[in-house]
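Welcome! Here is a short briefing to read alongside the structure.

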Amino acid sequence: MRIEIDKGSGFCFGVTRAISKAEEELATGQPLYCLGDIVHNGRECDRLQQLGLRTIDHDQLSRLHDTKVLLRAHGEPPATYQLARSNGLELIDATCPVVLQLQGRIKREYDEDPSHHRQIVIFGKNGHAEVLGLVGQTEGSAIVIESPEEVSRLDFNRDISLYSQTTKSLSGFRQIVDYIQAHISPSATFRYFDTICRQVVGRMAGIHDFATQHDVVLFVCGRKSSNGIALFNECRLANPRSYMIEHAAEILPQWLTGSSSVGICGATSTPKWLMEQCRDFIQQSCVSS
């Protein structure tokens with residue numbers, strides 16, 4: 001049986017940068033807290049916890065004083081920075097540069113429209129850490145659209161500016177653009193900004209091609225990963241014998257029955273070592289049996 005790990009899978013630049021910053025700080029032996037899971041992958045979070053990283057939520061953050069806190073790649077709203085200053089916290093800001101640039105664009109647009117007549121719309125997942133950070137740039141006034149089906153609730157008689165969470169699908173974004181263009185009032189203006197990370201877009205095409213090259217595909221990722229769910233769905237479209245797993249112990253030997261090749265791939269939050277563990281598990285347990 002041929003087993004191949006997708007060379008295009010694994011941590012994106014933003015996640016790699018955040019984990020590197022965490023490892024550098026942990027190497028000093030000083031306490032380090034991370035606001036939320038540093039990455040949507042439980043196994044990688046466990047590894048860093050063993051090195052000393054302590055994950056906290058916003059309630060716990062409000063009770064911390066005079067220590068170091070890492071902000072993960074997803075970014076945070078302005079209120080988090082204000083709280084850190086008042087509590088004497090030293091922030092290790094690992095916000096992805098792509099997300100940071102998007103936050104700045106949305107904040108500038110919001111500040112340049114004092115009357116706030118224009119609707120700032122974000123194509124993204126409600127409650128997602130990145131989206132909370134983006135909405136925070138507008139003092140909570142931005143409208144979050146999770147799917148093209150929700151666009152009809154916008155006011156098409158008012159100006160609209162559309163942005164996207166960096167990890168959303170390009171096809172969904174284009175559907176929303178098309179709908180707004182078809183329904184916007186002649187008296188209103190519509191501007192849209194494709195703010196989807198090109199590294200993520202490139203992986204969508206790459207994962208599709210990879211999935212077609214194998215009899216069975218094992219997609220390794222944390223089930224909380226938005227990016228992972230989108231990529232897995234693309235896998236399954238390309239190859240119905242695609243299975244999402246979080247770690248090697250979830251692999252069922254019957255999935256591989258009759259197959260001569262297995263592809264292993266993952267999300268931008270999936271570490272290479274976890275995919276390698278899955279490869280080793282198949283070689284030791286499934287192929288040998």
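Does Lys 7 count as buried or exposed? Lys 7 counts as exposed, at 74% relative accessibility. Please keep in mind as you read that this is a predicted model.

**Two lysines**

- You will find Lys 7 in the loop between strand 1 (2-5) and helix 1.
- Lys 7 and Ile 264 are 257 residues apart along the chain, while their C-alpha atoms are separated by 9.6 Å.
- Lys 21 has its place in helix 1.
- With a relative accessible area of 25%, Lys 21 is partly exposed, whereas Lys 7 counts as exposed.
- Leaving aside residues up to four places away in sequence, Lys 21 touches Leu 70, Ile 92, Asp 93 and Ala 94.
- Lys 21 and Arg 118 are 97 residues apart in sequence, and their C-alpha atoms are 38 Å apart in space.

**The two sides of helix 2**

- Helix 2 covers residues 42-50, and its buried residues are Glu 44, Cys 45 and Leu 48.
- These three sit on the same side of helix 2 because they cover an arc of only 100 degrees around the axis.
- Look at the other side of helix 2 and you will see Gln 49 and Gln 50, which are exposed.
- Just after helix 2 comes Gly 52, which takes a positive phi of about 120 degrees.

**Cys 45, a buried residue of helix 2**

- Cys 45 belongs to helix 2, and its relative accessibility is 14%.
- Why does Cys 45 count as buried? The cut-off for buried is under 20% relative accessible area, so Cys 45, at 14%, counts as buried.
- Cys 45 touches Asp 37, Ile 38 and Val 39, when residues up to four places away in sequence are not counted.
- Thr 55 is 10 residues from Cys 45 in sequence, and the two are 8.7 Å apart in space, C-alpha to C-alpha.

**Asn 41, the cap of helix 2**

- Asn 41 lies in the loop between strand 2 (32-35) and helix 2.
- Which end of helix 2 does Asn 41 cap? Asn 41 caps the N-terminal end, where one of its side-chain oxygens lies 3.2 Å from the backbone nitrogen of Arg 43.
- A polar atom of the Asn 41 side chain also lies 3.1 Å from the backbone nitrogen of Glu 44.
- Asn 41 has a relative accessible area of 2% and is buried.
- Its contacts, not counting residues up to four places away in sequence, are Cys 221, Gly 222, Ser 269, Thr 270, Pro 271 and Leu 274.

**Ser 147 in a loop**

- Ser 147 is in the loop between strand 7 (143-145) and strand 8 (160-164).
- Its side chain makes a polar contact of 3.0 Å with the side chain of Glu 149.
- Ser 147 also touches Phe 123 and Ile 176, not counting residues up to four places away in sequence.

**The largest pocket**

- The volume of the largest pocket is about 470 Å³.
- Its lining is made by 22 residues, and those nearest its centre are Lys 168, Ser 169, Ser 171, Met 204 and Ala 230.
- At least two residues of this lining come from each of helix 7 (170-183), helix 8 (198-212) and helix 9 (226-238).
- Which helix gives the most to the lining of the largest pocket? Helix 9 does, with 6 residues.
- Sorted by class, the lining has 10 nonpolar, 7 polar and 5 charged residues.

**The second largest pocket**

- The second largest pocket has a volume of about 360 Å³.
- It is lined by 25 residues, with Cys 12, Val 15, His 74, Thr 167 and Thr 268 nearest its centre.
- Helix 1 (13-26), helix 5 (97-111), helix 8 and helix 9 are the elements that give two or more residues to this lining.
- Helix 1 gives the most to the lining of the second largest pocket, with 3 residues.
- By class, this lining divides into 11 nonpolar, 13 polar and 1 charged.

Technical notes
Residues numbered from 1 in each chain as written. Predicted model: local features only at pLDDT ≥ 70, side-chain atom pairs only at ≥ 80, totals over all residues. Heavy atoms only, no water. Buried < 20%, exposed > 50% of the residue type's maximum accessible area, 1.4 Å probe, protein only. Helix = DSSP H or I, 4+ residues; strand = E, 2+ residues; numbered from the N terminus. Arc of directions from axis to C-beta. Polar contact = N/O pair within 3.5 Å; in protein donor to acceptor, adjacent residues only side chain to side chain. 1 Å grid on protein atoms, 1.4 Å probe; cavity = no way out; pocket = protein on both sides within 12 Å on 5 of 7 lines; lining within 4 Å. Points joined across faces, edges and corners; volume = space filled by probe spheres on them. Nonpolar A, V, L, I, M, F, W, Y, C, P; charged D, E, K, R; others polar. Contact = heavy atoms within 4.5 Å.
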